[in-house]
Amino acid sequence: MQCALSKKYKECLELKKKSAEDMEKQLEQFGYRMKFPMKTGDLSKRWCSAYLKIMVADTVLRNLDSLERLEKLGGKRLKFPAKGTTHQGRWCSGSLKASVQDSVTASLEKTKEDTRLLIVSGERRGESAGRSKYNEMEVHRTNAEAKAHRIVHQWRPVIDYSEKDVWEVLKRHKVNPHPCYRAGWNRCSCAMCIFSTPTLFAGIRELYPEDYGMLKQDEEILGFTLDNNCDLDTFVGSAKSCVYHGDQEALYSLVTGEFSRDSVYVKGQWMYPAGAFHGAEGGPC
């Protein structure tokens with residue numbers, strides 16, 4: 001299942017289906033020449049000036065209002081998400097989580113109209129000051145009774161659970177904790193999250209040195225550091241890695257991305273993972 005495709009995306013799919021000859025004709029209408037720009041005053045042939053300079057400037061001038069609005073919303077920041085509490089600056093949560101969920105609810109044929117939905121999520125008040133104010137049950141933001149006859153509620157069944165309560169539920173049913181907890185992380189969220197502490201980033205540096213290196217490269221390219229005050233290496237410093245080497249199966253799963261069905265439940269004695277009870281430092285789960 002997937003969200004509804006945009007009009008332009010559908011047009012692109014249709015173009016790809018056409019034969020190479022048909023595509024050539026279609027592209028010629030847009031000035032497709034398969035040649036270097038010609039040394040001429042004709043901007044349709046010396047297209048570098050037209051397409052890479054003049055038309056770019058024209059587009060900016062025509063859309064200044066839109067660009068200014070995007071700047072205010074954080075949509076054209078060319079920076080890492082800000083370590084703030086709002087989705088405007090910390091766009092990763094807004095754009096990559098909340099908006100995706102909302103799009104699914106509002107766009108899928110089975111859920112967009114004439115339906116009743118219950119969104120179940122696992123936030124806990126103890127995770128952050130912001131989540132401490134959440135309601136256990138409320139009308140969801142995608143609720144649209146009048147227009148689409150879509151009734152949507154959100155329920156947070158573990159909102160008042162302590163961390164120990166959560167672990168006890170997993171222990172009771174012998175559910176194997178996620179590998180990141182077993183490998184020493186105190187939270188299971190996006191890898192290299194902006195809220196990660198130096199200890200957690202030291203764990204990333206140990207298990208994923210190439211990804212850590214690319215993140216440093218991003219800082220140089222953007223001219224903007226992931227932390228508000230210093231570059232990544234300075235932020236991590238000599239912090240001790242959070243990685244726990246006593247559970248090799250968990251480390252293997254994290255490095256390879258392979259999770260077997262047999263590893264869902266603990267067959268022997270259930271034990272608290274290495275990352276349990278280290279607090280919520282590093283941001284909300």
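Modeller: Among contacts in the protein (heavy atoms within 4.5 Å) between residues at least 6 apart in sequence, 61% join residues at least 24 apart. This is a predicted model, in which local features need pLDDT of at least 70 and side-chain atom pairs count only at pLDDT 80 or more, while totals for chains, interfaces and linings use all residues. Residues are numbered from 1 along each chain as its sequence is written, and side-chain values use heavy atoms, with hydrogens and water left out.

The secondary structure comes to 12 helices and 3 strands; these are DSSP runs numbered from the N terminus, helices being H or I with at least four residues and strands E with at least two. Of the 285 residues, 27% count as buried, where buried means under 20% relative accessible area, exposed over 50% and partly exposed in between, with a 1.4 Å probe and protein chains only.

Now the aromatic pairs. The structure holds 4 of them; rings of Phe, Tyr and Trp (its six-membered ring) pair if their centres lie within 6.5 Å, with planes under 30 degrees apart counted as stacked, over 60 as edge-to-face and the rest as tilted.

Trp270 is buried at 8% relative accessible area, whereas Tyr272, at 34%, counts as partly exposed. Together with Phe277, Trp270 and Tyr272 form one aromatic cluster.

Phe201 leads on to the core. A nonpolar core is a set of buried Ala, Val, Leu, Ile, Met, Phe, Trp, Tyr and Cys residues joined through side-chain atoms within 4.5 Å. The largest has 25 residues, of which Trp185, Phe201, Leu207, Leu232, Val236 and Leu254 touch the most other members. Two or more residues each come from α8 (179-182), α9, α10 (209-222), α11 and α12 (248-256), and α9 gives the largest share, 5 residues. Leaving aside neighbours within four places in sequence, Leu232 is in contact with Phe201, Tyr212, Leu215, Lys216 and Glu219.
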